[in-house]
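Work through the exercises below with the sequence and the model side by side, trying each task before reading its solution.

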Amino acid sequence: MERTRDMGLSMVGKIFWDPQSGQFDIDNKRPAFKKFVRRYMNNGQNRCHSISFYLLSVLLCDFSNNLNPAALQAAIRHMETTFGNGIAWNYSGTPIPWGANNTYIRQLNNYTTKLCNKIRRAAGPALIENELSQFLSHLNSCPYNLRYPVNAGVNWNQAVSEDFDPRMWCYVDVNGNVVSDDRSLPRPMQTTLQVYCTARGMVRPAPVGDGFYLPDTGDGYLMCRMFDLAAQGYLSLRYLNAPQLFLSSSVTTANGNIPANVPYLPSSSNNYPVQAVNPFPADIYFYNVFTAQWQLF
């Protein structure tokens, strides 16, 4: 079934079994965030995800529709590992406490266990739609995947839409210099990628070519896990290779002190617009946290 990508905010947000098509589908609405997450948000529901809710919901539907019960159970566990671990910090400096995060992890694990138990018992598809919906609702509130914009008042999270929302990014030119990043366009002083990363508290290897670099550990972890899901057959590579679903690059137009043709990635860390009609063709590298090397996206 063709799905609408423009998902509105709703208190529903569920996965349901459609007996006519014989498949699970989504209701194209995003569920409300869990109370424990809302408690630490200074702008209500105006938050986005590193990996979009749309992609999460489509993945979960595809897992359920295309995999046998044993493979689906393993896929659900892998998704739990991908999005259920770790914790994200608010860029204003306010963390979600570990106690609240642990409560979230336990709740997610409980719904995962219920879902996997029903799958093992070969329950009919209509009988697991509630557990699938609850699992999706918890994925929506996963602290590790949530983004906190620098300027919450501009509702930039909603503008990111279905794109991947990187915590940090920079662009390295053919001379190996960082010429733009999520903090300023262009950077006031050119510097090497390694010096740049050190200044932001990270030790990273030398660049392997010109293009965009995502040096943040959290971004790298999520990227690695998504590629791992694909390598194990739980995720089609078409999702990772579809820019409209994952990453969108752009160049600036003349705007005040910002010259034209400066490369950037849309992100909650800045307010630069998405220019779908003028994508900037460039390689994108993320930091592989397991190999400690740059990996081409």
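A charge sits over a ring if NZ of Lys or CZ of Arg is within 6 Å of the ring centre and within 35 degrees of the ring normal. The model is a predicted one, in which local features need pLDDT of at least 70, side-chain atom pairs count only at pLDDT 80 or more, and totals for chains, interfaces and linings use all residues. Residues are numbered from 1 along each chain as its sequence is written, and side-chain values use heavy atoms, with hydrogens and water left out.

**Exercise 1.** Find which residue lies over the face of Y287.

Solution. By the rule for charges, R204 lies over that face, at 3.8 Å from the ring centre. Ring pairs (Phe, Tyr or the six-membered ring of Trp, centres within 6.5 Å; planes under 30 degrees apart are stacked, over 60 edge-to-face, the rest tilted) also link Y287 with Y213, Y285 and W294 into a cluster.

**Exercise 2.** Classify the pair formed by the rings of Y213 and Y285, and locate both residues.

Solution. The count of aromatic pairs comes to nine. In the pair asked about, the ring centres of Y213 and Y285 are 4.8 Å apart and the planes at 15°, so the pair is stacked. Y213 belongs to strand 10 (residues 211–214) and Y285 to strand 13 (residues 284–288), so the pair ties together parts that are 72 residues apart in sequence; strands here are DSSP runs of E, at least two residues long, numbered from the N terminus. Both Y213 and Y285 are buried, meaning under 20% relative accessible area with a 1.4 Å probe, protein chains only.

Key
Helices (H or I, at least four residues) and strands (E, at least two) are DSSP runs, numbered from the N terminus. Buried means under 20% relative accessible area, exposed over 50%, partly exposed in between (1.4 Å probe, protein chains only).
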